[in-house]
Amino acid sequence: MENGQEAEKVIRIAGSITVDELAQALGLSVTALIGELFKNGIVATINQRLDFETAQIMIDELGMKNVRLERKNTASQIANEGRRELSKDAVERPPVVAVMGHVDHGKTTLLDNLLKKKTVATEAGGITQHISAYQLEHEGRKITFLDTPGHEAFAAIRQHGAMLTDIVVIVVAADDGVKPQTIEAIKFAQGANAKIIVAINKIDREGADIERTKAGLAEHGLMPEEWGGDIMMIPVSAKTGEGLDKLIEGILLIADVEELKADVKIPAEGLVIESHMETGKGSVVNLLVTGGELKVGEFVAAGGVYGKIRTMTDFRGKPRGKAGPSTPVTVTGFKELPSFGDRFLEYSDEKSARRAAVIAAQAQANEAASANVTSMDLLRMMNVEDNSKVFNVIVKGDVLGSVTSVVDSLKLIDTKGEVTLNVVATGVGDVTENDVYMAAGDNNTVIYGFNVNVPTNISKLAARDGVTIRNYRVIYELLDDARDSMEKLLGEEVVETEVGTMKVMGVFRVTKQELIAGGEMTSGKLMPGVYARVVRGKEVIGEAVVESVQKEKIDAKELIEKEIGGLAMKTEKKIDLVVGDKLEFFTRETRQRKLGE
């Protein structure tokens with residue numbers, strides 16, 4: 001070792017590592033590592049698993065600066081690493097375009113006008129709740145559009161949307177400018193290496209300022225072509241249709257420059273956009289084909305789930321027998337619900353598809369590896385006080401993407417470690433008897449439904465068992481409810497507010513229960529009903545309640561700074577008030593504690 005420095009030690013782990021394995025890798029005894037975990041609030045066993053971030057936190061806590069953690073490539077990471085290399089037989093494919101932007105900036109309205117298909121009215125509060133895929137044809141050429149949610153709570157879905165796409169159209173309202181979700185969309189698009197076009201919308205509105213909007217975008221790295229940059233910015237009106245043809249032409253121009261291609265003479269492959277259960281149909285899954293040609297009757301596997309394509313429809317619900325690259329379709333036939341964002345692959349027979357699903361499920365289990373202790377758990381345990389409260393929730397949603405985003409958003413509620421959010425269970429579909437039975441054991445467990453139904457018999461069962469079910473169609477209303485519920489667990493607090501001070505210049509009566517004195521107000525004001533703290537030097541002598549105030553020997557509503565007057569106070573025990581003491585006046589009220597305060 002040169003210069004007396006220890007050589008750096010590299011530890012490579014995949015999804016997680018056991019306490020025993022980490023201790024061996026660090027050259028520590030298992031007892032020492034378990035002891036260190038215990039100091040940080042974790043009661044761990046030798047076989048308990050720690051995720052990557054927790055292992056890193058423990059190494060930092062131990063002060064091991066010469067140890068570096070690295071992530072191993074896992075089976076699912078390798079399976080999800082981008083698109084395959086194209087063959088010489090690859091053919092031109094339609095561009096996949098994600099439409100992103102701030103809430104209410106007109107993304108869905110713009111798509112409505114392009115597709116001549118009304119969707120806004122079907123969305124709760126006019127906010128897109130999950131990804132919808134559409135396809136239009138312009139002068140013989142197809143374009144696939146993904147309408148991604150605009151509300152901040154759906155950041156997880158929107159990020160997946162960017163990873164699925166070639167081109168991102170960022171919609172910015174000309175009368176509102178760049179907003180937080182606009183910036184978020186820019187980052188996602190750049191992170192996905194997607195080409196960007198900006199649609200400056202609402203140019204028909206009063207107050208629209210196209211140049212100011214461009215300047216705002218330039219501040220975040222999007223330089224307009226006319227200013228010497230490489231970003232196409234097209235003024236449009238989603239309401240009147242102005243500029244939409246230019247937008248489509250711009251998309252197709254970028255597609256030509258990028259020379260987007262895909263292989264069709266390969267087994268079909270693609271991504272799961274969304275999935276949910278429907279009565280009479282079973283699992284209903286939205287797929288985006290990225291390669292090959294998916295046909296009805298073929299066997300597919302996605303993540304740990306497989307099935308045979310039983311039916312296939314386009315985005316308008318019309319049946320179709322096959323779908324090529326860049327085509328969104330809705331299929332039935334999966335045995336269970338695949339996860340949002342999973343890649344799917346076609347297999348020659350059911351046995352091969354089942355085998356692939358089993359292997360993938362095992363790989364997922366190994367990677368998740370029952371990671372009993374995550375970094376969030378550890379940090380929470382390090383910071384939460386012993387008297388912390390636990391808020392248990394069960395989340396049911398209409399589709400997997402919604403459930404994922406609701407859970408992610410709930411976990412982002414900042415409780416400063418005072419309340420622990422515990423997601424007991426999640427699921428897709430209506431609230432069931434099993435959900436109610438699961439929640440019945442703890443009166444702090446709330447069942448949150450998002451865009452689902454609560455059958456009458458389930459409502460009656462919940463009422464009988466004292467289980468709370470709260471059903472929402474708008475995400476931020478659900479989050480507000482959860483925040484309020486967690487605040488109620490904090491209980492009430494007593495808040496004191498200083499209102500004024502007085503220097504005692506005369507003491508006229510002192511008994512066990514009464515004080516009568518006079519003095520000069522040195523700050524603030526004094527009124528009947530407030531509390532008084534008697535201070536001598538730095539010591540608090542006692543407290544009293546002001547019953548009445550006098551100014552020039554006449555009852556008064558208040559005394560203000562620099563005024564001289566008298567006051568009568570009630571006390572619970574005798575206070576030996578003397579000239580020169582200081583009276584500090586304050587109000588005292590009980591209020592519900594707020595999270596983060």
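What you're looking at is a predicted model, where local features need pLDDT of at least 70, side-chain atom pairs count only at pLDDT 80 or more, and totals for chains, interfaces and linings use all residues. Residues are numbered from 1 along each chain as its sequence is written, and side-chain values use heavy atoms, with hydrogens and water left out.

Let's start with the sheet: it is open and has 6 strands in the order S7-S8-S6-S9-S10-S11, with mixed pairing. Strands here are DSSP runs of E, at least two residues, and helices are runs of H or I, at least four residues, numbered from the N terminus. Two strands pair if DSSP finds at least two bridges between them.

At the edges you'll find S7 (132-138) and S11 (232-235); each has a single partner strand, so one side of each has no neighbour in the sheet. From one strand to the next, the twist averages 25°.

Now look at S6 (96-101). Because 6 of its 6 residues are buried, S6 is largely enclosed by the rest of the structure; buried means under 20% relative accessible area, with a 1.4 Å probe and protein chains only. Val 96, Ala 98 and Met 100 point one way from S6, while Val 97, Val 99 and Gly 101 point the other way. S6 runs parallel to S8, joined by 4 bridges, and parallel to S9, joined by 5 bridges. In S9, Ile 170 stands opposite Met 100.

Key. Axes are lines fitted to C-alpha atoms, for helices over the stretch in contact, and angles run from 0 to 180 degrees between N-to-C directions. Contact means heavy atoms within 4.5 Å. Buried means under 20% relative accessible area, exposed over 50%, partly exposed in between (1.4 Å probe, protein chains only).
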